[in-house]
Amino acid sequence: MLILGIESSCDETGVALVRGGDAGTPVLLAHALHSQIEMHQAYGGVVPELASRDHIRRVLPLSDHVLAEAQQALSDVDVVAFTRGPGLAGALLVGAGVACALAAALDRPVLGVHHLEGHLLSPFLSADPPAFPFVALLVSGGHTQLMEVQGVGRYRLLGETIDDAAGEAFDKSAKLMGLGYPGGPALSRLAEQGDASAFKLPRPLLHSGNLDFSFAGLKTAVLTQARKLGEALESRKADLAAATEAAIVEVLVKKSLAALVQTGLRRLVVAGGVGANRPLRAQLNAACAARGVRVHYPELHLCTDNGAMIAMAAAMRLQAGIQPAQRSYAFDVKPRWPLDALAIS
Ligand code: KG4
Ligand code: ZN
């Protein structure tokens, strides 16, 4: 079964073709991505209207590209999957509209996918796929959650951020330091040359006794430091970046370990854009190795938004028999949509 997946929830248009839906692990045949980062850079963040318009421009050429690369015709596609939410309403509507129009024209069923489920299941596309059950650390630009995952669609929320997401903490701190958008990768690069112990920054909720996160205070602490430094900021930027990254990473690592202890599970899956962060990976690897816990990540290029994870999630939902694809093309999107709302047990 061939599944075409379309992702358009934010500032990346992603299209992919996966073979799956029946027995065996689904296989990624081809995927293509267009990032709008350059377009939004001038504004220091995503401009929703510009994002929607760019998705419209990119989605069909990307689909043609993916089909050509996989040497398949559009008429070979059996199911069209799209990101139904969460995300920017206008951006989501582009993917949903195109997916439903294509499916209607082909007389094929459609399937709406949860963006975070896409991230969560993306490590199944890696060379070292996980096995259920596991604890998932979902760290993207908009979400920071710890989930207990028993199987496809079997998600229990263990803890989440009560304010900013980890990616947001990276992005907002980077913006304060004048590092552009999105700031996570830029801040992390700069941090490599810095000394994390040069500044004392808070580790919010580190000892809260639960699995929730809070990053808004950290951003304020970075702002306070930046103001205090004034003109000296320029020469101390790498140190401040390193200290910021160290604070975020320490909280993520400690809470992930606490989630493993609480659930008694011995497997951790890290997904979402911040999962590309090198110190986070290094520290999780070391901590998990010391505890005999296996840790899995998506391939680096599939950490941030992409169509492959959407086609993959659709394939796994079909395979698990928990969501049939539908020949109903009256689509809707869900800009706000908690992942545990998908829970089937
Ligand atoms: O999952 P994603 O592509 O989009 C959302 O669904 O939100 O995540 C994007 C986030 C941004 O906040 C970006 O700054 C962050 O992931 N990010 C990183 C790194 N690469 C991406 N943060 C820290 N270090 C990185 N290497
Ligand atoms: Zn995402």
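## Contacts with ligand 1

A backbone N or O atom of Gly273 lies 3.0 Å from an oxygen atom of ligand 1, which is a polar contact (a pair of N or O atoms within 3.5 Å). The protein covers 86% of the 550 Å² of accessible area that ligand 1 has on its own; such areas come from the Shrake-Rupley method with a 1.4 Å probe. A polar side-chain atom of His119 is 3.1 Å from an oxygen atom of the ligand.

This is a predicted model, in which local features need pLDDT of at least 70 and side-chain atom pairs count only at pLDDT 80 or more. Residues are numbered from 1 along each chain, and ligands are numbered from 1 in the order in which they are written.

## The shell around ligand 1

The shell has 17 residues, each with a heavy atom within 4 Å of the ligand. Among them, His119, Gly141, Asp171, Gly273 and Asn277 come nearest. By class, 4 are nonpolar, 11 polar and 2 charged, with Gly counted as polar.

Helix H5 gives the most to this shell, with 3 residues; helices are DSSP runs (H or I, at least four residues). Domain 1 (2-121 + 302-342) and domain 2 (129-297) each supply at least three residues, with bounds from an automatic or database domain assignment.

## The second largest pocket

The volume of the second largest pocket is about 290 Å³. Of its 20 lining residues, Phe82, Arg84, Gly112, Gln323 and Gln326 are the closest to its centre. A pocket is an open set of points on a 1 Å grid where a 1.4 Å probe fits, with protein on both sides within 12 Å along at least five of seven lines, and lining residues have an atom within 4 Å of a point.

Terms used: Side-chain values use heavy atoms; hydrogens and water are left out. A polar contact is a pair of N or O atoms within 3.5 Å; within protein, one must be able to donate a hydrogen and the other to accept it, and residues adjacent in sequence count only if both atoms are side-chain atoms. Helices (H or I, at least four residues) and strands (E, at least two) are DSSP runs, numbered from the N terminus. Grid points are joined across faces, edges and corners, and a volume is the space filled by probe spheres set on the points.
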